[in-house]
Amino acid sequence: MLNPNLDEIQLTKDDYERYSRHLILPEVGLEGQKRLKASSVLCIGTGGLGSPLLLYLAAAGIGRIGIVDFDVVDTSNLQRQVIHGTSWVGKPKIESAKNRIHEINPHCQVDLYETRISSENALDIIHPYDIVVDGTDNFPTRYLVNDACVLLEKPNVYGSIFRFEGQATLFNYEGGPNYRDLYPEPPPPGMVPSCAEGGVLGILPGIIGVIQATETVKVIIGQGNTLSGRLMLYNALDMKFRELKLRPNPIRPVIQKLIDYEEFCGIPQAKAEEAKQQMEIQEMTVKELKALLDSGAKDFVLLDVRNPHEYEIAKIPGSVLVPLPDIENGNGVTQVKELLKGHRLIAHCKMGGRSAKALAILTDAGIVGTNVKGGINAWSQEVDPSVPQY
């Protein structure tokens with residue numbers, strides 16, 4: 001429970017009207033609303049999770065909100081990042097978020113940090129705030145935020161989403177567990193697909209983000225039972241909530257300083273291995289592929305390794321679908337061998353990564369092929385704009 005000097009906090013006439021539904025709640029009341037006005041919250045990320053939680057924190061009357069983000073609004077964000085609008089496409093997310101927050105609550109102080117949070121700046125950015133809310137989507141940043149909060153003794157409100165599932169908890173609060181108690185070691189790079197690769201139900205981050213906002217408000221007003229020590233799991237397809245106990249690990253290493261989190265999560269090594277594989281695999285541009293298709297050549301097979309539902313969205317004429325998971329389990333390797341019959345192999349996916357991975361597996365099986373650089377996205381951008389990008 002945070003302990004500001006409430007004698008210095010005064011509510012205005014507008015505040016009494018704006019927060020009237022809070023003020024009549026015994027659990028909030030005048031003291032609770034003053035606590036909200038006196039509080040400061042740092043939100044890292046203005047994406048799927050950051051969007052709803054920022055909206056509700058501003059509406060609840062948080063006095064000072066900090067936002068860390070360096071991205072710009074993209075059309076593909078609008079399916080779930082509800083703080084942004086179409087008119088903000090191509091513009092900085094933090095400016096879009098600030099504009100929307102002030103539409104909801106013009107009295108909220110909004111601090112903007114248009115930068116990537118890192119080991120060099122994290123402590124300085126986080127230090128002035130009472131609570132940190134983690135709206136990030138990658139493991140290096142989650143470990144960084146966790147460790148910085150531990151060093152600065154700040155509560156860390158955590159959430160994550162993937163496809164139809166989400167989870168939330170409260171870390172580093174009143175002696176409770178932190179992120180390293182949930183994930184002592186990061187998963188191998190690439191094991192957990194991003195939302196861009198795996199997809200996400202647009203409503204899901206709204207649910208998890210609102211839960212994060214709720215936990216933040218509860219910590220500030222000192223009411224209710226928080227999620228500290230409890231990991232809440234939500235499945236949107238089944239519409240079920242589950243809960244797991246989470247306890248501090250007594251032999252957890254003591255966090256003494258911030259480290260290189262990209263290195264800790266194996267990102268440089270994975271990139272080096274990927275670059276090595278790409279060097280060993282021939283590439284061609286989408287314009288070269290177009291010229292080959294236009295020539296009428298029949299001595300090749302154009303292999304699409306995306307998932308079947310992606311193939312339904314968009315396809316390059318003449319391509320044959322053999323999904324990467326089938327190639328990984330071996331069945332697809334046999335299928336590709338049957339397709340080739342002496343022809344050369346050209347492979348593509350959405351952006352080039354999965355097809356490179358497929359070709360590496362096929363190379364080990366004795367099948368050498370060429371990767372289409374940039375995949376079907378590049379095809380849409382450079383060759384045929386009528387092909388949808390997704």
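Analyst: Leaving aside residues up to four places away in sequence, Asn121 touches Thr115 and Arg116, and this, like everything that follows, is read from a predicted model. Asn121 itself sits in the loop that runs between strand E3 (109-113) and helix H6 (122-126). Its relative accessibility is 17%, and because the limit for a buried residue is under 20%, Asn121 counts as buried.

Eight strands make up an open sheet, arranged in the order E3-E2-E1-E4-E5-E6-E7-E8, with mixed pairing. E3 and strand E8 (240-245) are the edge strands, each of them pairing on one side only, and from one strand to the next the twist averages 15°. Helix H10 (residues 204-221) packs on this sheet, where it touches strand E1 (40-44), strand E4 (131-134), strand E5 (156-162), E6, E7 and E8, and its direction makes about 170° with that of E5. Within the sheet, strand E6 (residues 165-171) and strand E7 (residues 230-235) run antiparallel and are joined by four bridges; Gly166 stands opposite Tyr234 in E7.

H10 also has a helical neighbour, which is helix H3 (residues 29-38): the two axes come within 9 Å and cross at roughly 110°, so that H3 is roughly perpendicular to H10. The crossing in which H3 passes H10 is right-handed. On the H3 side the contact is made by Gly32, Arg35 and Leu36, which meet Val217, Ile220 and Ile221 in H10. Sorted by class, the residues of this contact of H3 with H10 are four nonpolar, one polar and one charged.

A second pair of helices can be described in the same terms, namely by the angle between the axes and the distance between them. The axes of helix H4 (residues 50-60) and helix H5 (residues 93-104) come within 9 Å, and they cross at roughly 35°, with H4 passing H5 in a right-handed crossing. Leu54, Leu55, Ala58 and Ala59 of H4 make this contact together with Ala97, Arg100, Ile101 and Ile104 of H5; seven of the contact residues are nonpolar, none is polar and one is charged.

Strand E10 (residues 300-304) runs parallel to strand E12 (residues 344-348), to which it is joined by five bridges, and Phe300 has Arg344 as its bridge partner in E12.

Val254 is placed in the loop between E8 and helix H11 (261-264), and with a relative accessible area of 68% Val254 is exposed, whereas Asn121 counts as buried. The C-alpha atoms of Val254 and Val372 are separated by 47 Å, the two residues being 118 residues apart along the chain.

Key: Residues are numbered from 1 along each chain as its sequence is written. This is a predicted model: local features need pLDDT of at least 70, side-chain atom pairs count only at pLDDT 80 or more; totals for chains, interfaces and linings use all residues. Side-chain values use heavy atoms; hydrogens and water are left out. Helices (H or I, at least four residues) and strands (E, at least two) are DSSP runs, numbered from the N terminus. Buried means under 20% relative accessible area, exposed over 50%, partly exposed in between (1.4 Å probe, protein chains only). Contact means heavy atoms within 4.5 Å. Two strands pair if DSSP finds at least two bridges between them. Axes are lines fitted to C-alpha atoms, for helices over the stretch in contact, and angles run from 0 to 180 degrees between N-to-C directions. A crossing is left-handed if the near helix is turned anticlockwise from the far one by less than a right angle, and right-handed if clockwise. Ala, Val, Leu, Ile, Met, Phe, Trp, Tyr, Cys and Pro count as nonpolar, Asp, Glu, Lys and Arg as charged, and the others, Gly among them, as polar. Angles under 35 degrees count as roughly parallel, over 145 as roughly antiparallel, 65 to 115 as roughly perpendicular and the rest as oblique.
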